[in-house]
Amino acid sequence: MAMTEEEFFGVKPTAFLDDIINCSDDYISDLADVAEETLLREMKAKISAKEVEEGVDKFRTILQAAADKNLDTFELYVLKNILYIPADVSLGQPATQSLFSEQDEKQLDEELEQLRAKITALEHKKVEMQQSLTSLQVDISHYEEVVPLLENISKECSVDALTSSVKQMEEKVKAVEAKCKETRSTMQTENAQRLLRKRVAVGDASPNRLLKRHRAMIETESLSELAAMLC
């Protein structure tokens, strides 16, 4: 059985055109009612209600006649040129099954779920990126506050001034080291003298032998051992 016009277009042509004509009649009737209400409200002091009703009826009749004439022409044109299938054209058999199988529909549903999951993940990523952007903006604001301070410091503390300060520090360190060496030498001499006097007092040995022994110890001791002994 061949496909009918209704099956091909999805609507019956004559029924479709009847709906258009009925809509036009309804619009004309609504327009006439609104015109009558407006005239009764605005012109009640000049025109009687009977005159308004008669005038609106004449307006409705004239407008309806013009619409019917134009709609008749429109209907004939559509039926002959738009919603029309020539007799020598075969429409074929109507479709008896769906274009998609259950497996296809299931696969489409799965793809939709995957797309929804991706959209959700992208929304979360967007929130994280917005938070990171806010944090970066705060860091940039702090950096912009610190930069002028660093520029002022760099202007006040030049490289030459820093070099001079380092040299002064080195000279002070060397002076302290020399003072320490001098103090250690003095303490060594005093300790040796006290030890010598003590041994002489107890009769341990003659002064000359003790002095020679002490000198030999100083000559053979390394500087690190002597420093450890004095410290």
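Let me begin with glycine 55, whose place is in helix H3, where helices (H or I, at least four residues) and strands (E, at least two) are DSSP runs numbered from the N terminus. What we are looking at is a predicted model, in which local features need pLDDT of at least 70 and side-chain atom pairs count only at pLDDT 80 or more, while totals for chains, interfaces and linings use all residues. Residues are numbered from 1 along each chain as its sequence is written, and side-chain values use heavy atoms, with hydrogens and water left out.

Staying with glycine 55 for a moment, this residue counts as partly exposed, at 39% relative accessibility; buried here means under 20% relative accessible area, exposed means over 50%, and partly exposed lies in between, with a 1.4 Å probe and protein chains only. Glycine 55 and glutamate 36 are 19 residues apart in sequence, and their C-alpha atoms are 8.7 Å apart in space.

Now the overall picture. The protein has seven helices and zero strands, so that, read along the sequence, its pattern is α-α-α-α-α-α-α. Of its 231 residues, 10% count as buried, and the accessible surface comes to about 19600 Å², 58% of it belonging to carbon and sulfur atoms; these areas come from the Shrake-Rupley method with a 1.4 Å probe, and for residues only the protein chains shown count as cover. If we take contacts (heavy atoms within 4.5 Å) with a separation of 6 or more, residues 24 or more positions apart account for 73% of them.

A word on confidence. The pLDDT, which is the predictor's confidence in each residue from 0 to 100, averages 77 for the protein, and 70% of the residues score at least 70.

H3 has 33 residues and reaches 47 Å from its first C-alpha to its last, close to the 48 Å expected at 1.5 Å a residue, the expected span being 1.5 Å times one less than the number of residues in the helix. H2, with 30 residues, reaches 44 Å between its first and last C-alpha, close to the 44 Å expected.

Which residues of H2 are buried? They are Pro13, Leu17, Ile21, Ser24, Ile28 and Ala32, and they pack against helix H1 (5-9) and H3. On the side of H3, the buried residues are Val52, Val56, Gln64, Ala67, Leu71, Glu75 and Val78, and what covers them includes H2.

Glutamate 75 is buried yet has no salt bridge, and the nearest side chain of opposite charge, lysine 12, is 11 Å away; for charge, Lys and Arg count as positive and Asp and Glu as negative, while His and the chain ends are not counted. Leaving aside residues up to four places away in sequence, glutamate 75 touches Leu17 and Ile21.

How many salt bridges are there, then? The count comes to three, a salt bridge being a side-chain nitrogen of Lys or Arg within 4 Å of a carboxyl oxygen of Asp or Glu. In one of them, the side chains of aspartate 33 and arginine 60 meet at 3.8 Å, N to O. That pair links distant parts of the chain, with aspartate 33 in helix H2 (residues 13-42) and arginine 60 in helix H3, 27 residues apart. Aspartate 33 is partly exposed at 34% relative accessibility, and arginine 60 is partly exposed at 23%.

Another salt bridge joins glutamate 42 to arginine 41 at 3.6 Å, N to O, and both of these residues are exposed. There is also the salt bridge between arginine 116 and glutamate 113, whose closest N and O atoms are 3.0 Å apart. These two residues are separated by about one helical turn, because they lie three residues apart in helix H4 (residues 102-156). In general, an α-helix has 3.6 residues a turn, so residues three or four places apart point the same way. Arginine 116 itself counts as partly exposed, at 46% relative accessibility.
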